Amino acid sequence: MFEKSISKMRLSDLMKATNNFNKENIIGSGRTGTMYKAQLDDGTSLMVKRLQDSQHSEKEFISEMTTLGSVKHPNLVPLLGFCIAKKERLLVYKYMQNGSLYDCLHTEDEAKKPLEWSLRLKIGIRAAKGFAWLHHNCNPRILHRNISSKCILLDADFEPKISDFGLARLMNPIDTHLSTFVNGEFGDLGYVAPEYTRTLVATPKGDVYSFGTVLLELVTGEKPTSVSRAPESFKGNLVEWIMQLSGNSQLHDAIDKSLVGKGVDNETFQFLKVACRCVLPAPKERPTMFEVYQLLRSIGEQYHFTTEDEILMPSDTGDADYMEELIVARESRENN
């Protein structure tokens, strides 16, 4: 049913599958809407996204769904179907068994072991691959605008799948008042690039900043808005803590203690340095998403997480410095 093209689905079926959008079925919620676990009569599990108010007409919405349904990549959550009923706008996705990266990294369950390094590295590399494809090789190119560890979902094999891509266009026109940032209009707190409060314009480098924060979460184990290991007097977010440590030449102290002394110290520190470049205050100093993918990929070369693939070098990269950095990183690994 789903393989050929995106399907139009009935509201009654989705209400039944989610037990009338029961609170107990909520997987997560954010700026674009609420995600529910749904189960069809044949036992198939799906995820249903109930969008926040969308002012688009039915015709515009169907057109947008047709576009999003054609955007397919191994590191994107497949959009299977949609539903329109009066003001309701629902999207139907393939179910991801291991939930969000945020929940995996910041679980309150003490019985759960922290994610091991090779898994974190795989998630970082392959999520970067998905974002690089959206930015550079997808047609039309897509800015995510709402990147966080909550929008990176994990399947049964902990393969990262990006959700919520392309949804920014379905939201109401952005209110240009600065309160939109207080309300998280441009993304979740802790992930929003600093220039957005001035420009109110979403950019590829803004996405890179947000993804850099996700990479910091992966390597530090800390939440984006609060840092458990910082002194009580510290009131800043994760990026501000990292910048403070970097300024005091204490960057090594940021790495998650569960990863230290496991024979991967060089890899974790190289990974941390890539993340730091992504969250630099000046957008022009940040790498492109393609460069982020290549830098991370070079760190994880020995794990064979990726082969030569369809992420082509974009013609608009125009930056030879990162190629030099790849060579330096490779030589550093070989020397160690």
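This note walks through some features of the structure above, point by point.

1. Before you start: this is a predicted model, in which local features need pLDDT of at least 70 and side-chain atom pairs count only at pLDDT 80 or more, while totals for chains, interfaces and linings use all residues. Residues are numbered from 1 along each chain as its sequence is written, and side-chain values use heavy atoms, with hydrogens and water left out.

2. Let's begin with strands β3 and β4. Helices (H or I, at least four residues) and strands (E, at least two) are DSSP runs, numbered from the N terminus. Strand β3 covers residues 33-39 and runs antiparallel to β4, with seven bridges joining them; two strands pair if DSSP finds at least two bridges between them. Glycine 33 stands opposite leucine 51 in β4. The two strands form a hairpin with five residues between them, and glycine 43 in the turn has a positive phi of about 95°.

3. Now look at the other partner of β4. Strand β6 (residues 88-94) is joined to β4 by five bridges, and these strands run antiparallel. Here leucine 46 stands opposite lysine 94 in β6. Is β4 mostly covered or mostly open? Five of the seven residues in β4 (residues 45-51) are buried, so the strand is mostly covered (buried means under 20% relative accessible area, exposed over 50%, partly exposed in between, with a 1.4 Å probe and protein chains only).

4. Leaving aside neighbours within four places in sequence, threonine 34 is in contact (heavy atoms within 4.5 Å) with Ile26, Gly28, Ser29, Val48, Lys49 and Arg50.

5. Next come the nonpolar cores. A nonpolar core is a set of buried Ala, Val, Leu, Ile, Met, Phe, Trp, Tyr and Cys residues joined through side-chain atoms within 4.5 Å. Which residues touch the most other members of the largest core? They are Phe211, Leu272 and Leu296, in a core of 81 residues. Helix α4 (residues 117-137) gives the largest share of this core, 11 residues. Setting aside neighbours within four places in sequence, the contacts of phenylalanine 211 include Gly124, Phe131, Ile147, Met289 and Leu296.

6. How many aromatic pairs does a search of the whole structure find? The search finds five. Rings of Phe, Tyr and Trp (its six-membered ring) pair if their centres lie within 6.5 Å; planes under 30 degrees apart count as stacked, over 60 as edge-to-face and the rest as tilted. Phenylalanine 61 and phenylalanine 82 are edge-to-face because their planes are at 70°, with ring centres 6.2 Å apart. Phenylalanine 61 lies in helix α2 (residues 58-69) and phenylalanine 82 in strand β5 (residues 79-85), so this pair ties together parts that are 21 residues apart in sequence. Phenylalanine 61 is buried at 0% relative accessible area, and phenylalanine 82 counts as buried at 5%.

7. Charges sit over rings too (NZ of Lys or CZ of Arg within 6 Å of the ring centre and within 35 degrees of the ring normal). Arginine 50 lies over the face of phenylalanine 21, 4.2 Å from the ring centre. The charged end of lysine 150 sits over the ring of tyrosine 102, 4.9 Å from its centre.

8. Finally, the cysteines. A disulfide is a pair of cysteine sulfur atoms within 2.5 Å, and by this rule the count is zero. Cysteine 276 is buried, with a relative accessible area of 12%.
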